[in-house]
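Have the model open as you read.

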Amino acid sequence: MPLSWNEIRDRAHGFARTWKDESRERAEAQTFWNEFFEVFGLTRRRVAQFEKPAARSGGSGFIDLFWKGKLIAEHKSRGASLDKAYDQALDYFSDLKERDLPRYVIVSDFARFRVYDLDSGTTNEFELEELPKQVKLFAFIAGYQSQAVAPQSAVNIKAAERMGRLHDELKATRYEGHRLEVLLVRLLFCMFADDTGIFQPAQSFRDWIEKRTAEDGSDLGAQLTQFFEVLNTPRERRLKTLDEQLAAFEYVNGKLFEETLPIPAFNRTMREALLEACALDWSKISPAIFGALFQSIMDKKARSNLGAHYTSEQNILKVIRPLFLDELRAEFERVKGNKNRLFAFHNTLRRLHFLDPACGCGNFLAIAYRELRLLELDVLRVVERGGTGMLEVHAFTKVDVDQFYGIEIEEFPAQIAQVALWLVDHQMNQLVSNEFGLYFARIPLQASAHIHHRNALEIDWNEVVPNDVVTCVLGNPPFLGKQRQSAQQKKDLETVCGAIQTFKVLDYVAAWYVKAAAYVRETAARCAFVSTSSIVQGEQVGVLWGHMLRSGVKIHFAHRTFRWSNEAKGVAAVHCVIIGFGTVDRTGKQIFEYDEVDGTPHAIAASNINPYLVDAADLVLLTRHRPICNVPEMDFGNMPNDGGHLLLSDDERAQLLAVEPLAAKWIRPFLGADEFLNRGTAWCLWLEDIEPAELRALPEVSGRVAEVKAHRGKSRREGTRKRAEFAALFAEIRQPKTGYLLIPCHSSEARRFIPMGLLPPDVIVGNSNLLIPDATLYHFGILSSGMHMAWVRYVCGRLESRYRYSKDIVYNNFPWPQSPDGDTREAIERAAQGVLDGRAEFPKSSLADLYDPVSMPAKLTKAHQALDRAVDSAYGKRSFAAESERVVFLFELYQKLTSLLPIEKRSPRRRS
């Protein structure tokens, strides 16, 4: 077991005192390095050799100290050039095998150390007396080495490819199936253990293969069989005559090495393949490697049948962060200043339980476990700062792998998942060790993840973990569409979804949604799955989400369509969504939008998320900046942002004209939503084309402009302050030069129709309205119809309970009649004029009066009924029994017009 950092520092002080006056390279260098390794609790001869012969430019030489794959050290007499020593070390590289190249180069002249990390490109130099302060530079010697794991690191792909080659070599000998899978999983564990301190010292497993097995590989299979038996045997039960190097390995337990395997027959090529895999630095491996590993060694047919799509860490975090992690992080920030609350929070972390019912190689579970341990580490840091003097981290570390559960239909990935959790556990233990200076490892293995090799759609998930225990259900179930499902998968789908009408149109993944919804019903458990975008498009929405909503499911967060990629070589990315849901609603909902399918998401707070993954009522649409149909674009009204100085009431207009009659030329009618609906009158100074001289000749108007300038200049918004330079104009001008259709942004929910109006260009429309330039009676008719109002009621946002009409959600997504002929358009225009005529018969009534559900005149009601018949006919319908039918019809049309993914073309069948 590695020494504590405190003991290492004490030893470093003694070492520095002993060697402070030494200068003779030849006489004492080897003793120096032997004692240097002893500082870190390691006997040099176990890992490194002196005077290794090696060729160099201009001849041959000897490496002062060489540790395969780890370290070259060059030693010089006191005062000699360290630069030359470094150049000499590099000169030996060309004579070394690729897998033996070191990561570190250390040069020293007794008085000075210089440490080169060739991977990170960093160099550190210090005096001998500073060694106690610099000991962590040598963590790789002490057995503490841990490092940041880069999700996209090339070592992940290399590891998968090298294990794939080893798999192919073994399979070619007919060593295949279950025995091959178990063997590969064991080797995977051993290589990771070799680089992360489970096996001491580092590279012990590789060194054992090189020293204790024949170069032709003839005895490697038998030697590995004995090696696995040793790892499965407690020290006190091992043979006393066991080889010393073999006996030094720790007892692992965890049933990983329990099964006796047939002895594989290796050859020279296979032994080299294993050593090449061992040569990688497995401490850098991301947990996501296990998915990539699985894909790299499965054949394409098996991968396709299983619907296996393995994932990058970034994509896994898109699931777990909004599912539980962000909330836990926020809770930690709230409680970390309170000792009792922090203690309770720490206990809560131990009580969390996670299930992945299609866990594959355990990537989701591994990343979730890692993040939970990182959060616990933050808790421990706070506790330590609180002055506990904590050293025994074993007692304080509570989160463990036995909080994680998985179901996997294939045996090999289930085995990898089991091991993956152990490996992540050790990665986290290394971080704890480095943080608190005391080595922490859970060896022999005691707790383990609960990974069940079963068909998740055939079993009751309560048999794996009771639903009143589980906290989160998460994962990446197989996606397979209805055309790609095997007979067994079709049977699975029917087993779970058979009670749902037309369930056969569903993707295979829908079964996990349905089963999860039933599993967590009447519990606070949360779920989140990755799925193909198709489950929120087309016919599947009504089938799947109709059932889910009836089951009480509420969507908590969602990632809209994005490209789901992974780290496995040659695997095509797919367009996916992520949906988090449960049967208990929650606040703080979020939609993650993507400007590009390959881009970075940005979070949008949502009050509700519907099956189309949009913010609003349960039937909502995408935000769009242009209409989906060939109709005029909508815009906002003009924004004064004037402090009231460009707007005039009737009295203010009269007073201004009494003083400055020439101002009449520059006064226009102004319509805000209130004036439009309630027959109010308002005016504005519209000075868009006024000459400077003319403005100066109107001191009252100029004074108002000066007030606007002062008002905007005081704003906190930079854009408004910039508009102070254009104080004579509205802050935002969108006034059409032609006639336009006005729609108030807000309208009472009591009204059956939102009052709209066609207006001339000299009437200035305010920003409490929306406008459509160049709109015709046809456009007015469609938007004033019952069809459009059904869309509004299901799609629009709300202000309190009032309709909040929007350009990007309501108007731009509205599916208009497709290619109406001339007679159809004329019929709508006649009916639309009938509505305007019906209003005109009541000149004393405001639009608010005319559209009040109680006072709406019968003539106007009949005019709207005639308009509805004309519009329904344009959509090819005579009538609808209920408004919900209109909405279903419009959403079906919307889906046809705006499908997020292209329809896959079927290849023609070949005739035999």
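## A helix pair and a few residues

Leu187, Met191 and Asp195 of H7 meet Leu274, Ala277 and Cys278 of H11, where a contact means heavy atoms within 4.5 Å. Sorted by class, this contact of H7 with H11 has 5 nonpolar residues, no polar ones and 1 charged. Here Ala, Val, Leu, Ile, Met, Phe, Trp, Tyr, Cys and Pro go down as nonpolar, Asp, Glu, Lys and Arg as charged, and the others, Gly among them, as polar.

Before going on: this is a predicted model, with local features needing pLDDT of at least 70 and side-chain atom pairs counted only at pLDDT 80 or more, while totals for chains, interfaces and linings use all residues. Residues are numbered from 1 along each chain as its sequence is written, and side-chain values use heavy atoms, leaving out hydrogens and water.

Back to the helices. H7 covers residues 178-196 and H11 residues 268-279; they pack at about 40°, with axes 9 Å apart. The axes are lines fitted to C-alpha atoms, for helices over the stretch in contact, and angles run from 0 to 180 degrees between N-to-C directions. H7 and H11 are therefore oblique to each other, oblique being whatever is left after under 35 degrees (roughly parallel), over 145 (roughly antiparallel) and 65 to 115 (roughly perpendicular). H7 passes H11 in a right-handed crossing, meaning that the near helix is turned clockwise from the far one by less than a right angle.

Zooming out, the chain has 33 helices and 26 strands, taken as DSSP runs (H or I, at least four residues, for helices; E, at least two, for strands). Of its 912 residues, 54% count as buried. Among contacts with a separation of 6 or more, 73% come from residues 24 or more positions apart.

How buried or exposed are these residues? The cut-offs are under 20% relative accessible area for buried, over 50% for exposed and partly exposed in between (1.4 Å probe, protein chains only).

| Residue | Relative accessible area | Class |
|---|---|---|
| Cys361 | 0% | buried |
| Cys497 | 0% | buried |
| Ile628 | 22% | partly exposed |

There are 0 disulfides, a disulfide being a pair of cysteine sulfur atoms within 2.5 Å. For Cys361, the closest cysteine sulfur is in Cys359, 8.3 Å away and so too far for a bond.

Ile628 sits in the loop between strand S15 (602-606) and strand S16 (635-636). Beyond neighbours within four places in sequence, Ile628 contacts Asn812, Asn813, Phe814, Pro815, Tyr894, Leu897 and Thr898. Pro815 is 187 residues from Ile628 along the chain, yet their C-alpha atoms are 7.1 Å apart.
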